There are 2 protein chains.
Amino acid sequence: MLSARSPATGLLPLPAVAQTDPLPSWNDGAKKSAILDFVKRVTADGGSDFVPVPQRIAAFDNDGTLWCEQPIYIQGAFTFDRVKMMASQHPDWKTRQPFAAILTGDMKAVAASGEKGLMEVVEATHSGMTVADFSKTVAEWMATAQHPRFKRPYIDLIYQPMLELLTYLRANGFKTFIVSGGGIDFMRPWTEKVYGIPPEQVVGSSGVTKFQIAADGKPHLLKEPKIDFIDDGPGKPVGINRFIGRRPILAFGNSDGDQQMLQWTAAGDGARFMGIVHHTDAEREYAYDRQSQFGKLDKAWDEATKRGWTIVDMKTDWKTIFPFEH
Amino acid sequence: MLSARSPATGLLPLPAVAQTDPLPSWNDGAKKSAILDFVKRVTADGGSDFVPVPQRIAAFDNDGTLWCEQPIYIQGAFTFDRVKMMASQHPDWKTRQPFAAILTGDMKAVAASGEKGLMEVVEATHSGMTVADFSKTVAEWMATAQHPRFKRPYIDLIYQPMLELLTYLRANGFKTFIVSGGGIDFMRPWTEKVYGIPPEQVVGSSGVTKFQIAADGKPHLLKEPKIDFIDDGPGKPVGINRFIGRRPILAFGNSDGDQQMLQWTAAGDGARFMGIVHHTDAEREYAYDRQSQFGKLDKAWDEATKRGWTIVDMKTDWKTIFPFEH
């Protein structure tokens, strides 16, 4: 900076500072004010709530917090498409549940197979290849698959107000992390491009990976058909501790799977921000909470209400939901 | 940048650029030149080896690469001290191996218990408390314990030339990571202060951690007596993939436990730098390689020689070893 002369000397006019709104897709009101106020407090050098830059850690759930999770998790749609793509190499799937039900589109039978059945499908469709090849498969699928209702690529279904929040936090010295129950290898191929969140700031569920030197002498990382870590519910603070090693000062989620992450964030010293996205807009997106199969918001809702966490009402608090609305 | 006019116009003199040596503790020679040349190539915008900033990932082993690992790993010394500190609460340790051998200082019997015995000791001494309490225990120990030969706190036994290398890389847009077989919870309390490497850039071995709401309603992360992940040998590329999600373009190690990390780094596209610290200075530090119990350098040495990786000879390449020599 060359402008060493202070405006206070009166020798130079104050530069015109643009009073741009950092969160233009958020309607003015209590929720937007709560965010702006929190950031102002933790960045006010000398203030009692000041937080040094390295400790400005922000953790965001992904499904239902940064992008759409209805009518099923997007990784669920990917998994089912993978079953269809891989079926010819697995003739036994025609008679084996829940693979057979996925192939015939019998979603009731799929659901009946329970978590154990679904984990088996995830393990079968997310393994048997290198991490690099899986990454390519995800990128190809993301470029071609479409959301059944919006008829758009899934990466179009990210929330514009949350993109603005991520950008605003980063501009204020925050390091933004994803802390998702989704697969780490499923998210990393596109989070940097879409959210500006680099691979090393993505925490998620993961499978066992094995290092192997191939016949050509080249080393590979192979995805094994075994889940290693589920970054959901009580797994989220565990994942945060393992990957980040510091407690966030801000966390945003939308479901009971985020409750422990929010509790963990809230329990730290100093200024804290706990946010929940409440899906209330059936017209522009979806409306669901306590009874939903995906992104159920029940216990976390009760705790948020009791403890005064910020509950964002999509319908009333968000001017825009998706970037394509512009 | 306001200086839009090129010096080539002849209208402005070239600004005086201080020609300070970024690696003053490295003797001039092939090794230092190899580092400087690599960094120059990957940062030369428009050059054929240019690497964009987000992909400038550098991975460093810790024990024997960034700090001393003799006569035993520093975390080993911590573990043995923990056994002594905890012994009064564990009367059975007096007769149970390898605990009894540690208490009487019978290192031969300790070694005879093998890896299984040592893992049992690590599990017993690194659990039964919250992550926060363990972190405090480590910080207290680091502030008081002394190296048996140098009679100084262990954090004094870091390598000055490597500190300069870390700083130099960061000044050139690199993100520096530790990728160590050591415990992640043992390293994180001090890596930021000592190496300038924040907790979220420390990859290491870890135990199982459990999220629990205590009787007072506060959430805690408890360290369980069970090892979860060993970030050593083939575990290093696995850890790099899990925590960082990108392949490093530079990696530095010193032992066979780093061989796969170096192979993984070498197998990427574009310019690469693989470095090995060879302990050759018995006078100023230690001299060991193929036969050493800690930090054995045998297979990785052969591969490094064959493939032309940079082997740093501590005795001839380093002007200074420890910061306290100044």
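Start with both chains on screen: chain A and chain B bury about 2900 Å² between them, with 56% of that area on carbon and sulfur atoms. Keep in mind as you click around that this is a predicted model.

Now pick out A:E200, A:F211 and A:R242. In chain A, these three lose the most area to chain B, and together they make up 23% of what that side buries. If you'd like to see the whole contact, select 35 residues from chain A and 35 residues from chain B.

**Across the interface**

Next, look for links between the chains. The rule finds 18 residue pairs in polar contact across the interface, both residues at pLDDT 80 or more. To see which parts of chain A take part, colour β3 (175–183), α8 (184–195), β4 (202–213), β5 (219–229), α9 (235–243) and α10 (259–266): each supplies at least two residues of the side that touches chain B. Which of them gives the most? That's α9(A), with five residues. Colour that side of chain A by class and you'll get 19 nonpolar, eight polar and eight charged residues.

**The salt bridges between chains**

How many salt bridges does the rule find across the interface of chain A and chain B? Eight. Go to B:K175 and A:E200 for one salt bridge, where the closest N and O atoms are 2.8 Å apart.

Is B:E200 buried or exposed? It's buried, with a relative accessible area of 9%, because buried means under 20%.

**Within a single chain**

Over all chains, the structure holds 40 salt bridges. For one inside chain B, jump to B:E120 and B:R96, with closest N and O atoms 2.6 Å apart. B:E120 lies in helix α5 (residues 114–125) and B:R96 in the loop between α2 (74–86) and α3 (99–104), so the pair ties together parts that are 24 residues apart in sequence. Both ends are partly exposed: B:E120 at 29% relative accessible area, and B:R96 at 33%.

Last stop, chain A: select A:D49 and A:R41, which meet in a salt bridge at 2.7 Å, N to O. A:D49 is partly exposed at 23% relative accessibility, and A:R41 is partly exposed at 33%.

Terms used
Residues numbered from 1 in each chain as written. Chains lettered and ligands numbered in written order. Predicted model: local features only at pLDDT ≥ 70, side-chain atom pairs only at ≥ 80, totals over all residues. Heavy atoms only, no water. Contact = heavy atoms within 4.5 Å. Buried area = accessible area lost by both parts, 1.4 Å probe. Salt bridge = Lys/Arg side-chain N within 4 Å of Asp/Glu carboxyl O. Polar contact = N/O pair within 3.5 Å; in protein donor to acceptor, adjacent residues only side chain to side chain. Helix = DSSP H or I, 4+ residues; strand = E, 2+ residues; numbered from the N terminus. Nonpolar A, V, L, I, M, F, W, Y, C, P; charged D, E, K, R; others polar. Buried < 20%, exposed > 50% of the residue type's maximum accessible area, 1.4 Å probe, protein only.
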